[in-house]
Amino acid sequence: MKLHLSAPSNKLLHNNIQITGSKSESNRSLLLQALYPNISIENLSNSDDAEVMQKGLKIENGVVDIHHAGTAMRFLTGYFASQEGKEVTLTGSQRMTERPVKVLVEALQNLGAEISYEKNDGYPPIRIKGKKLVKSQVSLPANISSQYISSLLLIAPSLQNGLELELVGKITSVPYIKMTLALLSQIGVENSFEGNTIKVSPKPSVENVNLVVESDWSSASYYYSIVALSEVGSKITLSAYKNNSLQGDSALQELYTEFGVETQFKGNSVILRKTENPKEQKVQFDLSNAPDIAQTIAVTCFGLGMECHLTGLHTLKIKETDRLEALHTELSKLGANITVTDKELTLSLSDTMHTDIAIDTYNDHRMAMAFAPLAMKVPLFVNDAGVVSKSYPDFWKDLEKLGFVSKSV
Ligand SMILES: O=C(O)C1=C[C@@H](OP(=O)(O)O)[C@@H](O)[C@H](O)C1
Ligand SMILES: C=C(OP(=O)(O)O)C(=O)O
């Protein structure tokens, strides 16, 4: 589906949007629920990634296809490796077969797991024969993806002796590790994270517990961008959010003050207000703790005609697409002055913003959603717009509620 997208006729926005649960919290909660059936979950994500996770967890033997879902791939690897009697081949989309899993597979093998590669060494598809894992200490590199660490932590309390992880190197995407540990705490699992060592105690069963998933802050980022690109006085209310979020992308509240967007909590809603135009012409952010909002921020800066220097982007090359290359190509098509390395992005001033450019999305939901707010400034096309369903299936419908005009072409 190719969409043509243009701005609401009135750029002074006043709207409410309900976003479903965080896909990161959902996929963790689902895995914990599979291990401990007394867990119930509220406000589950309606994303494709949460759906493939639910389906995957029901399979005992055979092929488990998790499409584009990185969390499902990594979390199910740990899950199946520790499930005696289950034997599966875990695979996904073409891109998933290019996203590395070696660090996780080796850590699990060191714990005694039986996993082999079906095609390329270090990459899915992988064959897993579930076993009872009794070893409880392992070390692994922490600078490639935090999902490997979360995968181990999620199964840790179900292991006979719990788990002690030693993280080697600089730890990336730290808030996602803390989110995993916080959910373990919510179900009564003892854990600690000191320096480079994480310890999780065993827990054979849990009491009845209800996990209420907070709505997705990465999805909220597109509204931050829309508000930043709207007129002073605009206001969008999003629900349902918590003041003490487990999601690192809630850093948006702080980051978007640079773009004149203020955030206020009212009950379980957040109100985003454009209170002023940006004071500075340049921003500089280290996004190693919030990699999923890098695309949103780069496009906001371009839309506002600001310079930016984004660092900490070393994980972007192995996500749904090489996001640094994709941003470079698509922002250049619009007229941006952009340079990227393998971990940084720099936007310099440019006085051009081309109209009706067709944005390619590279099977990456965040490419589609990050560029959509730019329609506040210039009409544009979004190729393969259906990709948004990976994390936010209602995205285009919700934009229509704001008055955006989207036409299938
Ligand atoms: O654990 C998670 O839920 C996630 C961790 C992050 O990945 P990395 O740790 O690979 O950066 C993030 O980009 C992804 O969208 C979700
Ligand atoms: C990187 C992402 O997801 P995953 O790694 O879970 O596929 C994302 O949603 O931006």
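Start with one pair: the side chains of Asp-49 and Lys-390 meet in a salt bridge, 2.7 Å from N to O. A salt bridge here is a side-chain nitrogen of Lys or Arg within 4 Å of a carboxyl oxygen of Asp or Glu. This is a predicted model, so local features need pLDDT of at least 70 and side-chain atom pairs count only at pLDDT 80 or more, while totals for chains, interfaces and linings use all residues. Residues are numbered from 1 along each chain as its sequence is written, chains are lettered from A and ligands numbered from 1 in the order in which they are written, and side-chain values use heavy atoms, with hydrogens and water left out.

**The two domains**

Where they meet, 31 residues of domain 1 are in contact with 28 residues of domain 2, contact meaning heavy atoms within 4.5 Å.

The size of an interface is often given as the accessible area lost when the parts come together. Domain 1 and domain 2 bury about 2400 Å² between them, and 44% of that is on carbon and sulfur atoms. Buried area is the accessible area (1.4 Å probe) that two parts lose on being put together, summed over both. On the domain 1 side, Leu-246, Ile-318 and Lys-390 lose the most area to domain 2, together 29% of what that side buries.

As for polar links, the count between domain 1 and domain 2 is one salt bridge and 20 residue pairs in polar contact, both residues at pLDDT 80 or more. A polar contact is a pair of N or O atoms within 3.5 Å; within protein, one must be able to donate a hydrogen and the other to accept it, and residues adjacent in sequence count only if both atoms are side-chain atoms. The residues of domain 1 that touch domain 2 divide into five nonpolar, 14 polar and 12 charged. For that tally, Ala, Val, Leu, Ile, Met, Phe, Trp, Tyr, Cys and Pro are nonpolar, Asp, Glu, Lys and Arg are charged, and the others, Gly among them, are polar.

**Charged pairs**

Side chains of opposite charge can pair when their charged atoms come close. By the salt-bridge rule, the count comes to 19. Back to the opening pair: Asp-49 lies in helix α2 (residues 48–58) and Lys-390 in the loop between β21 (380–382) and α12 (395–401), so this bridge ties together parts that are 341 residues apart in sequence. Helices (H or I, at least four residues) and strands (E, at least two) are DSSP runs, numbered from the N terminus.

Here are three of the bridges:

| Salt bridge | N to O distance |
|---|---|
| Asp-49 and Lys-390 | 2.7 Å |
| Asp-292 and Arg-366 | 3.8 Å |
| Arg-323 and Glu-320 | 2.7 Å |

Buried means under 20% relative accessible area, exposed over 50%, and partly exposed in between (1.4 Å probe, protein chains only). Asp-292 is buried at 12% and Arg-366 at 2%. Arg-323 is buried with a relative accessible area of 0%, and Glu-320 is buried at 8%. Salt bridges that share partners join Lys-23, Asp-49, Asp-292, Glu-320, Arg-323, Asp-364, Arg-366 and Lys-390 into one network.

**Around helix α4**

In helix α4 (residues 102–110), Val-103, Leu-104, Val-105, Ala-107 and Leu-108 are buried. The buried residues of α4 pack against α3 (70–81), β6 (114–117), β7 (126–129), β8 (137–141) and α5. After α4 comes Gly-112, with a positive phi near 110°.

Gln-147 lies in helix α5 (residues 146–155) and is buried, with a relative accessible area of 16%. Leaving aside neighbours within four places in sequence, Gln-147 is in contact with Gly-70, Thr-71, Arg-74 and Phe-75.

**An exposed loop residue**

Asp-351 is found in the loop between β19 (345–348) and β20 (358–359) and is exposed, with a relative accessible area of 77%. A polar contact of 3.4 Å joins the side chains of Asp-351 and Thr-352.
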